[in-house]
Amino acid sequence: MFHIAMFSIFGCAALLASSYASAQGLTPVPGSITYNGQPHTKLTRAPIGSTFIHSLTDVVTGQQYVEIYRIAPDRSLEIVSRRLYGPVSN
C-alpha cells in the first residue's frame, strides 16, 4: 500500500512539473505580442514579475485567445499562459 501512495505522490509531482514546463515553452502565434520577437519598447514602470493579459485572434486559424505575459528580470516578455476563449466565427 505504501508503494502505491508514493507512486501517486510522485506521479502528481511529475504531472505538475510537466505542465509548468510546457507553460514556460509556449510559442508565440500570429497576433501574440512577441510573435515577431520582443517589442522594441520595454515596460519600465511595471514591476519585474508582474503579469498582464493580452487578447488576440490568431490571424491564421481565426481562434480567439487570451494570453498572460510576465515581465522577466531583463524586461523582456514571457508568455506564461494561453487560453482559447471563443469559437471560430463563420
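Buried means under 20% relative accessible area, exposed means over 50%, and partly exposed is what lies in between, with a 1.4 Å probe and protein chains only. The model is predicted, so local features need pLDDT of at least 70 and side-chain atom pairs count only at pLDDT 80 or more, while totals for chains, interfaces and linings use all residues. Residues are numbered from 1 along each chain as its sequence is written, and side-chain values use heavy atoms, with hydrogens and water left out.

**Exercise 1. Find where Thr 61 lies, and decide whether Thr 61 is buried, exposed or partly exposed.**

Step 1. Thr 61 sits in the loop between E1 and E2, where strands (E, at least two residues) and helices (H or I, at least four) are DSSP runs numbered from the N terminus.

Step 2. The relative accessibility of Thr 61 is 41%, so Thr 61 counts as partly exposed.

Step 3. The side chain of Thr 61 reaches the backbone nitrogen of Gln 63 at 3.2 Å.

Step 4. Val 29 is 32 residues from Thr 61 in sequence, and their C-alpha atoms are 10.0 Å apart in space.

**Exercise 2. Classify the pair formed by the rings of Phe 52 and Tyr 69.**

Step 1. Rings of Phe, Tyr and Trp (its six-membered ring) pair if their centres lie within 6.5 Å, and planes under 30 degrees apart count as stacked, over 60 as edge-to-face and the rest as tilted.

Step 2. By this rule there is one aromatic pair. The ring centres of Phe 52 and Tyr 69 are 5.5 Å apart and the planes stand at 10°, so the pair is stacked.

Step 3. Phe 52 belongs to strand E1 (residues 51-57) and Tyr 69 to strand E2 (residues 64-71), so that the pair links distant parts of the chain, 17 residues apart.

Step 4. Phe 52 is partly exposed at a relative accessible area of 24%, whereas Tyr 69 is buried at 0%.

**Exercise 3. State how many salt bridges a search of the whole structure finds, and describe them.**

Step 1. A salt bridge is a side-chain nitrogen of Lys or Arg within 4 Å of a carboxyl oxygen of Asp or Glu, and the search finds two.

Step 2. Glu 67 and Arg 82 meet through their side chains at 3.0 Å, N to O. Glu 67 lies in strand E2 and Arg 82 in strand E3 (residues 77-86), so this pair ties together parts that are 15 residues apart in sequence.

Step 3. Both Glu 67 and Arg 82 are buried.

Step 4. The side chains of Glu 78 and Arg 70 also form a salt bridge, at 3.2 Å, N to O. Glu 78 is partly exposed at 29% relative accessibility, and Arg 70 is partly exposed with a relative accessible area of 23%.

Conventions: Polar contact = N/O pair within 3.5 Å; in protein donor to acceptor, adjacent residues only side chain to side chain.
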